[in-house]
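Reader: Hey, I've just opened this one and I'm new to it. Could you walk me through some side-chain contacts?

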Amino acid sequence: MKTKSTTTKAAFISLRIITGSILYSLGLVIGLAGISKSVTGVIAATPTVNIDHQHHHYKLIDVGTFGGPSSFINFPGNILPALNSNGSTVGASGTTIPITPTSNPIVCGGQEGFDPYVYHGFEWQDGGVSDLGSLAGANYCSDAGSINARGEIGGSSENGLVDPVLGFNETHAVVWKNGEIIDLGTFGGSEGLGLCLNNRGQEVGLALNAVPDPFSVFDFALAGSSNGTQTRAFLWDEKNGLQDLGTLGGPDAWASVINERGQIAGQSYTNSIPNPSTGFPTMDPALWDNGKIRDLGTLGGVVGFSAALNNRGQVVGGSSIASDPGACYNTGSFEFFNPDCHPFLWDQGTLIDLTISTIGAVPLTVLAISDAGEIVGGATFPSGAFDAFVWRNRVATDLGNLGDAASVAFAINSHGQVVGSTFLFDGSHSRAFLWQNSSTVDLNTLIPAGSSLHLSWAMAINDRGEIAGEGVPRGCALQDLGTCGHAFVLIPCDENHPGIEDCDYSLVEAPVAVAQPVPATRDASSRTLPPSLMRRMSRYHFPGRAFGPKG
C-alpha cells in the first residue's frame, strides 16, 4: 500500500467542502480590485467612520472538544445550517483517538484534515454537548452538517469498510434521530455524503451506484481514478428511503440543498463527453421540483454550480462564461474567484449575471440568499476594497471591514441581520461581525471581557438572533483557527431570551462602522486571500487529478 504524502492528503481532504465542511485550500491568488469588470452605477459607500451604538450583550458558549485539538461547525447551507431555530448547534469535534492509515480525511482529521485524531459529530443543546458517534463505533469518524427544528441531524460517517477504489474507509450519508444513527446507504456503490436536511426530515446529498463511470464526480474528480462508478443525487426520507433524483442527461449529479417546499438545488452533467477545458462533461446547475429536474442554464461556459436556495425557489451559484468556459473549475475545485466564474441568481426561469448587472460593486462570491431575495457574500467595490455585501434589488451595499483589510458575509436571517468575518490578507487576524440597522459591529466587543475565545468567524444566524461560528482559545494563534479553534454559540441577552443564566441584560456602547462615500479608485495589485477564507467561500472543492487511489 502506498503511503500518502502531505500533498496527497491535502488533495483528498479538499473534498470536505462538498459536505459543507471548512477545508484547506492552497494559495489561490486573485486580482481583487484589478478585475477587468467595471463597477456599474453610483459610487459605493465604504464604511470608514466609527461611532458608538448601543447593542445587547451576548452570552458566549465555548463548545470545546472531546479531548482533541479542535472543533468546528460546517459551512452554512443556507436553508438549514449548523444552527437550528431553537439554537441547537452541530459540527465535528476532535477526540483523543488516533486515526489509522485508512481513515477517510473527508470526515477525519479536523477542518484541515491533518490532525491525527478521530473526529465525531457533536450536538450542542441546552448547555450540554453530545458525542453523536459513528456507524462503526468510537474509532471511526463522523461529521454533523445540519440540524432541523425537530432536532434531527444530517451528515456523514465512516462505516468501517474500505473503499476498494480509493483505499480509504467508506463514508455514508446518515441521519441522527432520537438518539440513533441511521445509515442511508448507497445505490450499490461505496460512498455517500449527506449535505442538507430540512424541517420535514428530508435529506439530500450524493451516493454512488455500481455503474462504471470513467468521469465519476466522486471517484474521477477526487482521485483521478477511471475505475469509479456514477455519482447520483439523492433524496431520502423515512417513508420512501433513498431515491435517485436523476440527471440532466449525463451520468452524474449531486444534490446540495433542499428547502421547506421540497425543492432541491444541485448540479448535474448534461452529457458524457469530456470538455477540453475541464476534462469532464459539461456540468450545469439544476433544480429538482415535484419530481422533475430543470436545467438552470449557464452564462456561456461548461461549468456551473448551485451555492444556495431559499424557500421561494430562488437559486444562487456560479457559472463560467463563454470566453473562459472552464473558469469555475480550478485544480479540481468548483469555486468562485476566477473573475470569469460569475455569481448568478436564478429567479423564476431567468438566469441573472450578478457580476455585470449589480449596481455599486462586482460580486465575486455569493454564499446565502434569504427568503426576501437578499444575497450576501464578498465583492469588490469602487474604493478597491474586497468587502462583505448585501444585494437587494440589483444594488450591493458595502458592509465594511471594521478597519481590517477585507471582509466577507456568510449568512443572513429573515430580519436582515448578517454575520461574517473581517480579516487581514496574511491570515494573522480575523474578527466575527454582526451587521444590523445599517451598521457593522465586532462581536468580540459584545461578549464579556476576558472570555475564553476570540471570535473569528460568525457563520450562521437564526431568526432569534443566535449566532454560531468558530473562535480561537487562549494559547492558540489567530492564524491557527483551523487546527486549534473551537466552535461557539452566542445567545443574545435581550427581551427574547429572558432569564438566561450569566446573561448581562444591560446595553453596551460598541463602536460600529458607518457608511461614508469615498472616491471611486482602484488598486490593481493582486492579493492572496488567507486559506481559512478560501475554505469558507469555495462552495464545492475537489482536489484535482494529482491524487491517485491507494493501492
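This is a predicted model: local features need pLDDT of at least 70, side-chain atom pairs count only at pLDDT 80 or more; totals for chains, interfaces and linings use all residues.

Reader: How many aromatic pairs does a search of the whole structure find?

Author: It finds 7 aromatic pairs. One of them is Y269 with F280, a stacked pair with 6.1 Å centre to centre and 20° between the planes.

Reader: Where do Y269 and F280 sit in the chain?

Author: Y269 is in strand β17 (residues 264-269), while F280 is in the loop between β17 and β18 (283-289). They are 11 residues apart, and the pair links distant parts of the chain.

Reader: And what about F280 and Y329, stacked or edge-to-face?

Author: Edge-to-face, with 4.7 Å centre to centre and 75° between the planes. Y329 belongs to strand β22 (residues 329-330) and F280 to the loop between β17 and β18, so the pair ties together parts that are 49 residues apart in sequence.

Reader: Why does Y329 count as buried?

Author: Because its relative accessibility is 12%, and buried means under 20%. F280 is buried too, with a relative accessible area of 1%, and Y269 is also buried.

Reader: OK, switching topic. How many disulfides does the structure hold?

Author: There are 4. Counting bonded cysteines along the chain, they follow the pattern 1-2, 3-4, 5-6, 7-8.

Reader: Which cysteine forms a disulfide with C108?

Author: That's C141, and the two sulfur atoms are 1.9 Å apart. C108 lies in the loop between β5 (89-98) and β6 (117-125), and C141 in the loop between β7 (128-133) and β8 (142-147), 33 residues apart. Both ends are tucked away: C108 counts as buried at 2% relative accessibility, and C141 does at 0%.

Reader: Is the C108 and C141 disulfide right-handed or left-handed, and why?

Author: Right-handed, because the torsion about its S-S bond is about 110°. The disulfide of C476 and C484 has a torsion of about 75°, so it is right-handed as well. Its sulfur atoms are 1.8 Å apart, and both cysteines, C476 and C484, are buried.

Reader: What about C493 and C503, left-handed or right-handed?

Author: Left-handed, because the torsion there is about -85°. Both cysteines lie in the loop between β36 (486-492) and β37 (507-517), so the pair ties together parts that are 10 residues apart in sequence. The S to S distance is 2.1 Å.

Reader: Are C493 and C503 buried or exposed?

Author: C493 is buried, and C503 is too.

Terms used. Residues are numbered from 1 along each chain as its sequence is written. Side-chain values use heavy atoms; hydrogens and water are left out. Rings of Phe, Tyr and Trp (its six-membered ring) pair if their centres lie within 6.5 Å; planes under 30 degrees apart count as stacked, over 60 as edge-to-face and the rest as tilted. Helices (H or I, at least four residues) and strands (E, at least two) are DSSP runs, numbered from the N terminus. Buried means under 20% relative accessible area, exposed over 50%, partly exposed in between (1.4 Å probe, protein chains only). A disulfide is a pair of cysteine sulfur atoms within 2.5 Å.
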